[in-house]
Amino acid sequence: MPDEKASPAPSEIVVEPAWHAAWLPDAALAAVGRRRVAVVGPAEDDVLVTVLREAERATAAHGGDVVDPDGAPDLLLDARAGGDGFRLVRDGGRLTVSAPTATALLHGWFHVVRLGEAAFTGPDADERHAPAFALRVLDHWDNVDVHPVMGQVERGYAGGSIFYADGRVRDDLSRVTAYARLLAATGIDRVCINNVNVHAREARLLTDDLPEVARIAAALRPYGVRTHLAVSFAAPMSLGGLPTSDPLDDDVRAWWRAAADQVWATIPDFGGFVVKADSEGQPGPFAYGRDHADGANLLADAVAPHGGVVHWRAFVYDHTQDWRDRSTDRARAAYDHFAPLDGRFADNVVVQVKHGPIDFQTREAVSPVLAGMPATRLALELQVTQEYTGQQRHVCYLAPWWSENLGFRPWGEGGAAVRDVVAGRGPGASAAVAATGSGGIAAVSNVGDDVFWTGHPLAQANLYAFGRLAWDPTLDPAAVLDEWIGLTFAGQDGAVEPRVREVLHAVLDASWRTYESYTAPLGVGFMVRPGHHYGPDVDGYEYTPWGTYHFADRDGIGVDRTRATGTGFTGQYPAPWRDVYEDLATCPDELLLFFHHVPYTHVLRSGVTVVQHVYDTHFAGVERVREAIAAWESLDGRVPSDVDARVRERLAEQLRSAVEWRDQLNTYFFRKSGIPDTHGRTIF
């Protein structure tokens with residue numbers, strides 16, 4: 001059909017369902033909903049129909065109207081313009097948002113929603129908005145079946161899966177569409193719907209259950225969100241009956257091509273595959289004497305005719321190492337495995353790199369892989385679900401940490417940042433990497449079937465912030481938080497009480513540093529209970545095969561990763577950081593124990609010793625949690641009662657856990673060092 005005005009004929013207005021509206025309550029639509037809105041574009045486009053229904057929903061709730069383009073609209077949404085992203089023109093209080101695609105126009109609509117009254121009352125303007133990264137992906141670690149150890153959502157802290165129940169895809173996928181709406185409002189446009197640890201049942205999503213995957217894709221599609229699948233490298237054997245999964249075997253290659261052909265025949269807008277291989281027991285190319293480039297390129301060849309992408313995770317290390325061996329360093333593993341393969345990956349392979357070299361710790365150095373593969377498309381992988389940061393029982397707003405990672409400059413002041421590398425603009429980037437815009441950003445989702453989506457209502461801020469930073473990594477985390485507050489806690493007039501805004505900033509702004517202060521200190525990492533990873537267990541991983549040690553003894557603590565006397569990990573960084581981290585005099589204190597083994601009496605830049613720093617920060621962290629509780633309780637009657645009750649419950653658990661962290665860590669360090677607290681506080 002030719003481009004035409006989208007019909008404002010009556011359509012079903014979505015009624016707010018039983019789950020929490022998160023950052024899209026009807027109240028957040030007040031500014032646009034009070035106005036006259038027109039929508040123009042190809043009427044047969046499913047996403048344009050979504051834009052129209054969003055306009056209808058807003059105006060029905062707030063007294064505005066959906067009108068013809070010639071009806072003097074206050075807001076004209078036009079999906080017929082060229083260019084990248086969307087364009088916003090404000091002229092005399094009237095807005096025109098234009099975009100080349102309906103999905104880009106939808107992102108423009110939600111931008112106007114975020115701006116609220118300021119969208120219409122600001123000075124005349126002509127602005128262009130486009131995402132910094134072409135690939136903005138959320139990875140779900142959902143299992144179709146309930147895993148006997150990890151449950152239905154591995155490392156999930158918000159209930160069961162929104163996709164699966166009772167061993168199959170849910171009959172009612174309306175909540176999946178509501179989820180897609182939340183994602184589209186932040187700029188996320190791709191979702192991998194199953195666990196990277198692909199168990200036998202989940203492997204069948206690629207074949208037998210493909211029609212059910214198509215149902216999920218159909219539920220996501222109205223909001224422009226594309227579907228990806230995590231697949232098992234051993235699928236040709238486990239699903240296809242072949243005797244091998246060797247990536248260089250002709251029958252294996254043919255099997256993957258046929259599998260990909262069937263996927264795209266069933267789901268034409270399918271995005272691609274996510275693979276965890278030769279990691280923590282998952283099958284991979286090592287079994288056949290091949291490397292990761294061989295394995296990734298096998299799948300890349302299969303999906304290339306369809307424009308598909310392969311996200312190949314770089315989280316590869318020896319999880320059966322000998323704890324007695326001080327030379328083996330888990331931090332080195334990803335670089336050692338992948339950097340030598342730079343330039344060998346196909347153009348549609350994205351090597352997905354965790355932000356740090358260990359495993360989503362509260363504080364660790366930025367992974368050197370992000371600076372070591374200029375001829376490979378790289379994606380930064382973050383973890384929205386709070387595996388090591390309180391598991392959505394603790395308040396821990398992670399955007400400041402992510403912003404630090406995105407803004408880290410591996411080549412020093414004035415050099416390119418990580419956000420440049422994953423956008424294809426790193427130094428020495430190959431022509432192919434630059435042309436593709438590189439690999440963008442991915443993260444592990446924190447959503448489950450809990451009524452609040454994320455278990456802790458305030459953990460919604462992390463999901464929102466990930467989407468916004470994926471769109472624009474230069475955004476100020478405090479400003480992003482302010483956006484989330486403005487939408488989520490909007491009153492009927494679309495405004496937020498100043499006291500509510502003030503308290504939410506007080507509770508959330510510094511919450512990551514608060515969490516860091518009462519948990520593992522100075523970048524040492526882990527110190528959590530093995531298995532579920534919640535709560536303190538200082539030596540829980542110290543004598544295990546997992547390679548996550550702190551090497552505390554009577555004299556000191558920390559991991560020597562220097563070139564001079566340690567594992568040599570510092571040598572994986574380019575200058576200047578290879579030397580900054582190497583030298584005890586220049587290594588940042590917050591990463592001191594990540595890179596060095598030091599005496600407890602080592603004096604930090606703050607003027608206190610390492611052991612006194614532990615005592616001081618752990619006592620202070622607990623007090624900051626108490627202050628957060630007092631601040632939140634001052635909002636009594638100012639926030640919805642269900643949100644208030646859940647937050648109070650979670651804050652009480654956070655305080656209990658913080659006290660336990662404080663007492664265990666302080667007691668451990670006191671007993672190891674024999675050095676008392678200079679302030680004479682109670683240590684057991």
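Visitor: Hi! Which residue meets E280 in a salt bridge?
Guide: Hello! In this predicted model, the side chain of E280 meets that of K276 in a salt bridge, with 2.6 Å from N to O.

Visitor: And are those two buried or exposed?
Guide: They fall into two classes. K276 is buried, at 5% relative accessible area, while E280 counts as partly exposed at 27%.

Visitor: How many salt bridges are there in the whole structure?
Guide: A search of the whole structure turns up 48 salt bridges. As background, side chains of opposite charge can pair when their charged atoms come close.

Visitor: What does R363 form a salt bridge with?
Guide: R363 pairs with E404, and their closest N and O atoms are 3.4 Å apart.

Visitor: How accessible are R363 and E404?
Guide: R363 is buried, with 7% relative accessibility. E404 is partly exposed, with 32%.

Visitor: Which residues are linked with them in a network?
Guide: R513 and E516 are. Together with R363 and E404, they make up a network of salt bridges.

Visitor: What about E653, which side chain does that one meet?
Guide: The side chain of R656, in a salt bridge of 2.9 Å from N to O. Both residues are in helix α22 (residues 641-673), and because they are 3 residues apart there, about one helical turn separates them. R656 is partly exposed, at 45% relative accessible area.

Visitor: Changing topic: which residues of helix α7 are buried?
Guide: In helix α7 (residues 210-220), the buried ones are L210, V213, A214, I216, A217, A219 and L220.

Visitor: What do they pack against?
Guide: Several elements. The buried residues of α7 pack against the helices α5 (174-184) and α9 (250-266), and against the strands β11 (164-165), β12 (168-169), β13 (190-192) and β14 (226-230).

Visitor: Now the core. Which residues have the most contacts inside the largest nonpolar core?
Guide: W109 and W256 do, in a core of 206 residues. Helix α21 (residues 610-633) provides the largest share of this core, with 11 residues.

Visitor: What does W109 touch?
Guide: Leaving aside residues up to four places away in sequence, W109 touches V32, V37, E54, A55, A58, L75 and L77.

Visitor: And what does the second core include?
Guide: That separate core has 6 residues, among them L135, V137, V350 and A379.

Visitor: Let's turn to the backbone. Where is there a cis peptide bond?
Guide: Between A575 and P576, where omega is about 5°. P576 lies in the loop between β20 (556-557) and α19 (577-582). For context, most peptide bonds are trans, and most residues other than glycine have a negative phi.

Visitor: What is the phi of W453, then?
Guide: W453 has a positive phi of about 75°, although it is not a glycine. W453 is in the loop between β19 (441-444) and α15 (460-471), and it is buried at 2% relative accessible area.

Visitor: And F551, where is that and what is its phi?
Guide: F551 is in the loop between α18 (511-517) and β20. Its phi is positive too, about 60°, although F551 is not a glycine.

Visitor: Is F551 buried or exposed?
Guide: F551 counts as buried, with 13% relative accessibility.

Conventions
Residues numbered from 1 in each chain as written. Predicted model: local features only at pLDDT ≥ 70, side-chain atom pairs only at ≥ 80, totals over all residues. Heavy atoms only, no water. Salt bridge = Lys/Arg side-chain N within 4 Å of Asp/Glu carboxyl O. Buried < 20%, exposed > 50% of the residue type's maximum accessible area, 1.4 Å probe, protein only. Helix = DSSP H or I, 4+ residues; strand = E, 2+ residues; numbered from the N terminus. Contact = heavy atoms within 4.5 Å. Core = buried A, V, L, I, M, F, W, Y, C linked by side-chain atoms within 4.5 Å.
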